[in-house]
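This briefing is meant for a reader who is meeting the structure for the first time. Please look through the sequence and the model below before going on to the notes.

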Amino acid sequence: MNFNSAEYLVFLPVVLLLHGLLARRERGRHWLLLAASYLFYMSWNWQYASLIAFSTFVDYGLGRAMAASEDGRRRRALLVASLTTNLGLLAVFKYFNFFADSAESALTWVGLDVEVPHHRLLLPVGISFYTFQTLSYTIDLYRRQIEVERSLTRFALFVSFFPQLVAGPIVRASEFLPQLSSPRTVRAEQVRRGVARIFRGLLKKVLIADLLAATLVDPAFANLESAASLDLVLGLYAYAFQIYADFSGYSDIAIGTALCLGYELPENFNRPYLSRNVREFWTRWHISLSSWLRDYLYIPLGGNRGSQRRTSFNLMTTMVLGGLWHGAAANFLLWGAYHGLLLMFSRGADRRAGEHAAPARSVLLERAICFHLVLGGWLLFRVQSMGQLGEWLRGVSELRPGMDARPAAVLLLAIAAAVHFTPRGLVDRAQERFSDGFPAPLQGAVYAALVLLLCGATLDTSAFIYFQF
Amino acid sequence: MLARYAVILWTLGLLAAGEFALELRASARGFRTLLFGAPVLAAPASEGEFGPSARFPFRSRVAPRERRDGVTRIWIASASYAEHVRMPVEGIWPVLLQDELEARGLDVEVLNASQAGWELHRSVRTLRELGEAWAPDLVLVYQMSNDLDRIASALVGRAVDPEADLDAIPEPPPPPSDLDPTEVARQTTAYELLRSKLGPLVGDLRPQCNGREPGINAAAGARVEARFRGVIACGRELGATPMLVSFATAYPDPEQPLPPEFAAALRRANSLLSSEGWRRWVRLGDECMRRVAEAEGVPVLEVATALDGRPELFVDQYHFTPEGHHLFAMQLANELEPRLRARAEEVR
């Protein structure tokens, strides 16, 4: 059940209305949301709901045991058990075949023709997201940063809350469990703002991400051998805005849906292409993942507290693992390593700038440079093999003449860029003015028209990109 | 409590009201709708004279399932060009063909197994499902554009679904479930209306294939040939004689500009090929069809030559006006008559 599907158009109002009917009955609401979340997840693959349930039971039990113990070694063992279980599941479902392939290649390279066993299991949707979410709980509990959750229902709902279950934002236990523990009141204003946010996300997804994919990105990357150089370059620029609109659109819908239910999810994006350097980019792009990696990986590795070499190592390790989090493939690993390198150079450049007071560059130039550095990373992210990467580079360097892209599609790309670079405050204010100031019938009419527009413009293949991670 | 959700209720209420109004309008205009079901069409010339019905699943003059001695059964394997639901059934070319051949003293029954959107694969499946029971003597194949659309989606729009085995003979679609919101949404009039209005606009944004890429053309040609070979083989398995009919279009010359309404109609059906590319592919398909016919020893009935390039006979690039249906039937009768007489001689 995609957020941009007819199923969700039925599912969401039913859940919201039932949730409204259960006002002042928090337990009932939690059970309703838990059932809805499992139903939502099972619409993809009902069997894999057992995986979430398994993770839930394991971490709930380990959490209770950890809270009951003051023995440091026992607490540590319980944490290790949680890490092993959750990362083990992730490793089996997501990385096993990748490492089996890599081992096979390595053995072939040294002259051994060995067949390493593979599995044919489908990757459970959203496994990377909910695994990180449950890990945040046991790690924070181990660090004594949060209180143990005694209610299994509330804990299960924290793990499986449907608005952000399959593609984030990755919500920390410290952010969400307190919201579940206090009675939520859903106000009309919250519903109005939530619905506005949902439609903002849908517009990004359907009118920007999907159309850019169909008109510029997919045609270019499907014809790497023969596409004109300009089409290849436009395809890459379009991909930068496609992936932003796709993923931030999903986050908008998740945040809006949660708001309609009375919960607040953290922001996941903040105009990332306005960043002046790659470090800033990672504070604006997929914020819930980058902050998770910072707090649970980079800082425990030592962060920037050690030598320059150690900091570089920590950065590279964090980013390579962050790349692998997206998928078990060489291009994601390279993408992570590329960003690791960019971050290392960015730190070095900042330090030198601080020492020598380099002449101030214009903000615009810095943003342009940063954007194009990130764009290089998107190329690694979009190609499906190293062969494709080579074909893209050859296609661009050969300066093949012509352009197949339609002018209207290029205009769409320009609009997508303009939308992204429009100051956030302006868009937020306009959205609030609409949701707070316009009468409900008028808002309903606008939304009904938008539903029709989105139905008409929705392409058949329009799953969110980040579902695969 | 409801006041809190006023925005959502207004949205859903207005959507429901809009859909109801659109369905009412569509039903009054003779379309099938979700709420009102099948339209009450004008009664045919005489009650029970034409199918389709439960006992006679063809859009042509009703014939008994049991064969009469001496009759020649002609199976029409085609699509919307022969079904043409917006035309009175008496005016479509399969019915006119039967009338004309009977007027020329030939005893024939036409079984018009054509439906909008069907490709050769779908025709094959229908032939397999119904062919044995209805035992046709001839299988007339008049197909092209739907196959080209499907092949274009596989070859030109491959990024959409690169692995789909689009040339596999499709299984019968499962009966639509009223509980499947996607299916229900797709049956709504609003969805249909918007898809037909916005679809071409979205399609216009895509780069379109102009039919000049040798690699894609070769792959498309191979698929077209395989499809024609499939329908010929199926006809022969049933003991019938397959015959292919050349495909007629309003503006066959790829270089000739298309009137805007014709171009828009073409884009609605196929947004992956430019109007130039589409016409090049029709030529390509025609060449492939002839190659297959020659290799298989199957005749090609030259009907298109009488209609090609005469837009006054078409409502769009390939659907006929009443005059077009009439001329097509006459031309086909001219092509068939000597063959049917020769066949009758052979039988005697």
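This is a predicted model: local features need pLDDT of at least 70, side-chain atom pairs count only at pLDDT 80 or more; totals for chains, interfaces and linings use all residues.

In chain B, helix H5 (residues 145-155) packs with helix H8 (residues 214-237) at an angle of about 135 degrees, and their axes lie 10 Å apart.

- The crossing in which H5(B) passes H8(B) is right-handed.
- On the side of H5(B), the residues in contact are B:Asp147, B:Ile151 and B:Leu155, and they meet B:Ile216, B:Ala219, B:Ala220, B:Arg223, B:Val224 and B:Arg227 of H8(B).
- Sorted by class, this contact between H5(B) and H8(B) holds six nonpolar and three charged residues, with no polar ones.

**A cis peptide bond in chain B**

- The peptide bond that joins B:Gly51 and B:Pro52 is cis, with an omega of about 5 degrees, and B:Pro52 has its place in the chain B loop between helix H1 (6-28) and strand S1 (72-78).

**Positive phi angles in chain A**

- A:Arg24, although not a glycine, has a positive phi of about 65 degrees; it is found in the loop between helix H1 (6-21) and helix H2 (26-42) of chain A, and it is exposed, with 8 other C-beta atoms within 10 Å.
- A:Arg144 is not a glycine either, yet has a positive phi of about 60 degrees; this residue is found in the chain A loop between helix H5 (127-142) and helix H6 (152-160), and it is exposed, with 10 other C-beta atoms within 10 Å.

Notes:
Residues are numbered from 1 along each chain as its sequence is written. Chains are lettered from A and ligands numbered from 1 in the order in which they are written. Axes are lines fitted to C-alpha atoms, for helices over the stretch in contact, and angles run from 0 to 180 degrees between N-to-C directions. Helices (H or I, at least four residues) and strands (E, at least two) are DSSP runs, numbered from the N terminus. A crossing is left-handed if the near helix is turned anticlockwise from the far one by less than a right angle, and right-handed if clockwise. Two residues are in contact if their C-beta atoms, placed from the backbone, lie within 7 Å. Ala, Val, Leu, Ile, Met, Phe, Trp, Tyr, Cys and Pro count as nonpolar, Asp, Glu, Lys and Arg as charged, and the others, Gly among them, as polar. A residue is buried if 20 or more other C-beta atoms lie within 10 Å of its own, exposed if 12 or fewer, and partly exposed in between; C-beta atoms are placed from the backbone.
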